[in-house]
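Here is a friendly walk through one protein model. Keep the sequence and the 3D view open, and look for each residue as it comes up.

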Amino acid sequence: MKRMGRIRLHVALDCSAYSLETFILDNIEPGATIVTDAWQAYNVIDKEQYGRDTTNQSHSSSRDPLYGVHLVTTLIKRLIRGTFHGRFEPKYLQNYLDEYVFRFNRRKSANIGKKFMRIVQQVIKSRSITWPAIKWDMDPISEYFVVT
């Protein structure tokens with residue numbers, strides 16, 4: 001039986017080992033096991049902090065150990081092609097992914113009131129933003145990687 005847990009998605013400018021390591025350090029707790037394919041950029045994973053289960057997709061059996069990754073990727077492609085018809089602003093991609101993650105992680109919540117309560121809790125926890133502080137032409141991808 002294949003079960004999916006919670007997901008996290010982040011836009012990366014490239015697929016370098018540095019970008020992957022940054023995501024791993026920010027999102028995965030030490031001691032967890034990371035399931036990856038045989039791509040060499042994953043060799044940056046610290047073997048003392050994380051376990052790593054490597055699978056070579058071209059030599060794997062009928063059981064797909066990366067089933068969840070392939071499922072989520074397919075669903076996001078369908079979202080972009082279906083909802084946005086392949087046309088959307090790349091600077092908003094992280095926002096689209098955040099909304100998708102929110103919906104995916106709460107897909108099995110039976111109580112709609114609980115979902116609403118979680119949204120209200122997140123709004124209350126977030127810091128106040130004044131109207132003049134909003135950057136209307138901000139590109140979240142390039143703003144994240146600006147070196148000062």
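## A proline in a loop

Pro90 is found in the loop between α2 and α3. Helices here are DSSP runs of H or I with at least four residues, strands are DSSP runs of E with at least two, and both are numbered from the N terminus. Is Pro90 buried or exposed? Pro90 counts as exposed because its relative accessibility is 51%. The cut-offs are simple: buried means under 20% relative accessible area, exposed means over 50%, and partly exposed is in between, using a 1.4 Å probe and protein chains only. Pro90 and Val11 are 79 residues apart in sequence, yet their C-alpha atoms are 9.9 Å apart in space.

The model is predicted, so local features need pLDDT of at least 70 and side-chain atom pairs count only at pLDDT 80 or more, while totals for chains, interfaces and linings use all residues. Residues are numbered from 1 along each chain as its sequence is written, and side-chain values use heavy atoms, with hydrogens and water left out.

## The overall plan

The protein has five helices and two strands. Starting at the N terminus, their order is α-β-β-α-α-α-α. Of its 148 residues, 16% count as buried.

Contact means heavy atoms within 4.5 Å. Among the contacts in the protein with a separation of 6 or more, 45% are between residues 24 or more positions apart.

α2 has 16 residues and reaches 22 Å from its first C-alpha to its last, close to the 22 Å expected at 1.5 Å a residue. The expected span is 1.5 Å times one less than the number of residues. Gly68, Val72 and Ile76 are buried in α2. They lie on the same side of α2 because they cover an arc of only 60° around the axis; the arc is that of the directions from the helix axis to the C-beta atoms. Arg78 and Arg81, on the other side of α2, are exposed. An α-helix has 3.6 residues a turn, so residues three or four places apart point the same way.

Which residues of α3 are buried? They are Gln94, Leu97, Tyr100, Val101, Phe104 and Asn105. Seen down the axis of α3, these buried residues fall within an arc of 120°, so they line one face of the helix. The buried residues of α3 pack against α2, and those of α2 pack against α3.

Asn105 has a relative accessible area of 15%, so this residue counts as buried. Leaving out residues up to four places away in sequence, Asn105 touches Gly5, Arg6 and Ile7.

## The largest nonpolar core

A nonpolar core is a set of buried Ala, Val, Leu, Ile, Met, Phe, Trp, Tyr and Cys residues joined through side-chain atoms within 4.5 Å. The largest one here has eight residues: Ile7, Val11, Val72, Ile76, Leu97, Tyr100, Val101 and Phe104. The elements that give two or more residues to this core are α2 (67-82) and α3 (93-105). α3 gives the most, with four residues.

## A pair of strands

Now turn to strand β1, residues 33-37.

β1 runs parallel to strand β2 (residues 51-55), and five bridges join them; two strands pair if DSSP finds at least two bridges between them. Gly51 in β2 is the bridge partner of Thr33.

Thr36 is buried because its relative accessibility is 3%. Its side chain makes a polar contact with the side chain of Arg52, at 3.0 Å. A polar contact is a pair of N or O atoms within 3.5 Å; within protein, one must be able to donate a hydrogen and the other to accept it, and residues adjacent in sequence count only if both atoms are side-chain atoms. Not counting residues up to four places away in sequence, Thr36 touches several residues, including Tyr42, Ile45 and Leu66.
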